[in-house]
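Here are my notes for you, written as numbered points. Keep the structure open while you read and find each part as it comes up.

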Amino acid sequence: MHPLPSHESLVAELRELRRRGLPGLRHSTRDALRQAAVAAGLCAGPEDEQTGVEELLGAAVRRLAGGRPVRDDDSSDPLARAAAHAFGIFPARRGVPGTDRRKAAAAVYGVTTERFRKSQEHDVIAELATAVLTVARQGADRPAAVVREPAADSAVRRLPAVARPARPGAGITVRVCPIEEVRDVDILVSSENTYLEMSKTFRPTVSGALRRAAALRDAQGEIVDDVLSRELGVWLRTHGRTGLPVRPGTVVATSSGALAAQGVRRVHHAAIATPVGDGDRYHVSPAVLGEAVRRSFELARHESEFLSLPMSSICFPLLGSGRGGLPVETVARRLLDAVREELRRDPSWSVLLVTPEESHARLLTAASSGP
């Protein structure tokens, strides 16, 4: 079990971090925050320390909100909203100067900036420190889990298909929509190659679209944090896989970056496409689609418990139907088989299948309504 920092040390570091904001984390004293992030299982060393501390703070703010996504409106707990503004956890506040972040936090309580500084800010920091300790303690009480790569002989166990209604909030829903425009779904699944290298932001792929939509930008629109690609890079370095492929079917989670403003909590990166030839084309085995679905649900259940995120909805695109070259009919059948299996295990999940093509959506709808 990893030791936990004191509440007082966390309060002192959070006071400094409130002034600097998350981009200034690398220049702040963070011994206590690092200790808490390690205990929570969110970082392992210097390379992923900053990402781990940021995830820790995000989980702590969500805990202040009762485990729900924090939105900048009256539906969210004022304490959580004020903390998200004050520390730059809302994506739109990330690079904002400390005085402006404090002003936004004060507005949550309807008080002046000076009144907030002298009163409510002390409570916000103290309560956030308490929430950080709670998240860290939950991690320290259980062994840290590592995303497992599928064994070479693994296979998805098929269960009898279960017919489920295609309606929002339960079972399987089909929608004509680019995945980067999906709102209020906990997890979006991206299709990646086995090197976990995302598509360029200008490419019209699921990976490229999510990378572009999740990136944090300055006032001029320039990308200042390529969130998804950066966090995947940290995972690869931490697991000794930089420049090396992972097994097809491996699923790795990152934060959602700017997509958090749309109610998205996590992005799951499913490594399904194996480069062939000179890397100008990809091979996707139909069997790996079911494996990726199973792994994504497995990871979602772990994150829901371990990060205190009560997640219940997940969105899949038509994995492997793009440059992977699989027929849409094959992808639809494989995805639906695997999703039905997971819903049979746990029917509380809501699954959204998205495609920008109406003809593909009709095919998915017909298949999801069948036996």
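**Notes on the chain**

1. Start with a pair of strands: strand 6 (residues 251-255) and strand 7 run antiparallel and are joined by 5 bridges. Two strands count as a pair if DSSP finds at least two bridges between them. Strands here are DSSP runs (E, at least two residues) and helices are too (H or I, at least four residues), both numbered from the N terminus. Within this pair, V251 sits opposite A270 of strand 7.

2. Before going on, a word on where this comes from. This is a predicted model, so to speak, in which local features need pLDDT of at least 70 and side-chain atom pairs count only at pLDDT 80 or more, while totals for chains, interfaces and linings use all residues. Residues are numbered from 1 along each chain as its sequence is written, and side-chain values use heavy atoms, with hydrogens and water left out.

3. Now the overall picture. The chain has 12 helices and 10 strands. Of its 371 residues, 52% count as buried; buried means under 20% relative accessible area, exposed means over 50%, and partly exposed is in between (1.4 Å probe, protein chains only). Take the contacts (heavy atoms within 4.5 Å) in the chain with a separation of 6 or more: 66% of them are between residues 24 or more positions apart.

4. Back to strand 7 (residues 266-276), which has other partners. With strand 3 (residues 187-193) it pairs in the parallel sense over 7 bridges, and I187 stands opposite R266 there. With strand 8 (residues 281-283) the sense is antiparallel, over 3 bridges, and T274 has H283 as its bridge partner. Why is strand 7 called largely enclosed by the rest of the structure? Because 8 of its 11 residues are buried.

5. Strand 10 (residues 350-355) is another one to look at. It is largely enclosed by the rest of the structure, because 6 of its 6 residues are buried. Look at both faces: S350, L352 and V354 are buried on one side, and V351, L353 and T355 are buried on the other.

6. What about the nonpolar side chains? In soluble globular proteins, they tend to be buried together. A nonpolar core is a set of buried Ala, Val, Leu, Ile, Met, Phe, Trp, Tyr and Cys residues joined through side-chain atoms within 4.5 Å. The largest one here has 84 residues, and L57 and F316 touch the most other members. Helix 7 (residues 120-140) gives the most to this core, with 9 residues. Apart from it lies another core of 24 residues, including L210 and L352. As for F316, if you skip its neighbours within four places in sequence, its contacts include V189, V293, F297 and V351.

7. Next, helix 8 (residues 206-214), where you will find R212. Is R212 buried or partly exposed? It counts as partly exposed, because its relative accessibility is 31%. Leaving aside neighbours within four places in sequence, R212 is in contact with E180, T201, F202, R203 and R217. The buried residues of helix 8 are S207, G208, A209, L210, R211 and A214, and they pack against strand 3, strand 4 (216-217) and helix 9 (227-238).

8. R18, R19 and R20 in helix 1 meet G98, R101 and R102 in helix 5.

9. D184, in the loop between strand 2 (170-176) and strand 3, has a phi near 55°, a positive value in a residue other than glycine. L196, in the loop between strand 3 and helix 8, also has a positive phi, of about 55°, although it is not a glycine. D184 counts as partly exposed at 47% relative accessibility, whereas L196 counts as buried at 3%.
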